[in-house]
Amino acid sequence: MYQEVAFDPRCLAEFHYYSLLKTEFGYEKGRYIIAPLKKWAQEAHKAAKESEQLKPVRKKSITNYLNKLQKEKVNPFIILPKYRRDVNGSSWFNWCQNQIVLAPFNYVISESFASSISHEDILEQDVRWLKSPTITVNKSSAEIISMIEPLIKLGGVITIVDQYFRLSENPVLDEILAKMNSNSGITLIKLVTSMETVEPEVIFSNQYLSKYQNLPSFELITAPNKFFHDRYIISSLGAIKAGHGFSEGSEMGTQSDKVSFNLCSKEEAISTLNWVDKVLSEGKAHSKNLNGI
C-alpha cells in the first residue's frame with residue numbers, strides 16, 4: 001500500500017508541482033519520494049530559480065522552501081531506503097535511470113522522463129496515481145506479503161500487533177523474515193501477540209535463525225488475550241491495518257477468504273505503540289528478545 005515514487009526535481013520550475021510536493025506525500029498518503037534529499041533539493045532549487053514561468057512571489061516561496069529542505073537531516077516524505085544507496089548518478093535523470101535498473105519505482109513524476117506521469121496526467125486521474133483506501137487480497141502468504149513488503153523496504157523498526165499471529169509454523173512470518181534477511185534497512189522487528197509459545201527461543205532458532213543468517217533483532221511480546229482488537233503493522237514511515245489480521249487462512253468459499261488492508265493514521269499508530277509500552281510497563285505483558293544483535 002506504500003509507493004516509492006521518483007519525482008523529477010526539474011518539475012519545481014512549475015508551481016503546481018510545488019503544491020503536489022507539499023500535499024500528496026508522506027505517512028498518511030502512502031507515497032514517498034525516493035531521492036538523496038540534499039542533492040534533490042539542490043536540483044529543484046536550480047530549476048525554480050531559473051524558471052521563466054514562475055512569478056517572483058511564487059519563485060521566492062519555492063526557493064525558500066527548498067533551502068530549508070537542503071538543511072534537513074530527516075524529511076517526512078523524501079527518503080532514501082538503504083537498499084538503494086549504492087547507486088549514484090551525476091544528475092537526477094542519470095540517478096533515476098540507474099535506480100530503475102536496481103529496483104523499479106511505482107512510477108516517475110516528470111515532464112520528460114520516459115513512461116512518466118505529469119501533473120496533467122494526475123488531474124486526469126491516471127490509474128498509476130490513484131490509490132484505493134482499501135485493498136482486498138486472498139488469505140495466502142504471497143498476497144499478504146505483497147501488501148507488507150513495500151513497508152518493509154522502507155526500513156526502520158517494524159511492529160506487528162495481531163493477537164492471533166503466532167510465532168511457530170507461520171508462513172507469513174517466515175516470508176516477512178525472508179524479506180528482512182535481504183534488507184539491511186530493518187533494524188528491529190517486534191511481534192505483539194496473545195498466542196503463547198512454549199520455548200520461543202528454541203522455536204525461533206530452529207525455524208528461522210537456521211534458515212536466515214542476516215535477521216534483525218527480534219522481540220516477542222505476549223500480551224493478554226483481547227487487549228488489542230485491531231491488527232497493525234507499524235513502522236516510523238507508515239502503518240497498515242488488516243481486518244482479519246495477517247495470518248494465512250484456508251479457502252472456505254466465504255467472504256472471510258479475503259483480507260482487507262487499509263492505511264492507518266499516524267495518530268492511531270502512535271496510540272497503539274503507546275498501548276504496547278503501557279501493557280509492558282504495567283506487567284500485563286512479557287517480552288523476550290529472540291535475536292539480540
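Are F7 and F25 buried or exposed?

Reply: Both F7 and F25 are buried. Buried means under 20% relative accessible area, exposed means over 50%, and partly exposed lies in between (1.4 Å probe, protein chains only). The model is predicted: local features need pLDDT of at least 70, side-chain atom pairs count only at pLDDT 80 or more, and totals for chains, interfaces and linings use all residues. Residues are numbered from 1 along each chain as its sequence is written, and side-chain values use heavy atoms, with hydrogens and water left out.

Now the rings. A search of the whole structure finds 16 aromatic pairs. Rings of Phe, Tyr and Trp (its six-membered ring) pair if their centres lie within 6.5 Å; planes under 30 degrees apart count as stacked, over 60 as edge-to-face and the rest as tilted.

Helices (H or I, at least four residues) and strands (E, at least two) are DSSP runs, numbered from the N terminus.

F25 also pairs with W129. Their ring centres are 6.2 Å apart and their planes stand at 75°, so this pair is edge-to-face. It too links distant parts of the chain, 104 residues apart. W129 lies in the loop between helix 5 (119-123) and strand 5.

F25 has 8% relative accessibility, so it counts as buried. W129 is buried as well, with a relative accessible area of 7%.

Ring pairs link F7, Y17, F25, W40, Y107 and W129.

The charged end of R31 sits over the ring of W129, 3.7 Å from its centre. A charge sits over a ring if NZ of Lys or CZ of Arg is within 6 Å of the ring centre and within 35 degrees of the ring normal. Another such case is R84, which lies over the face of F105 at 4.2 Å from the ring centre.
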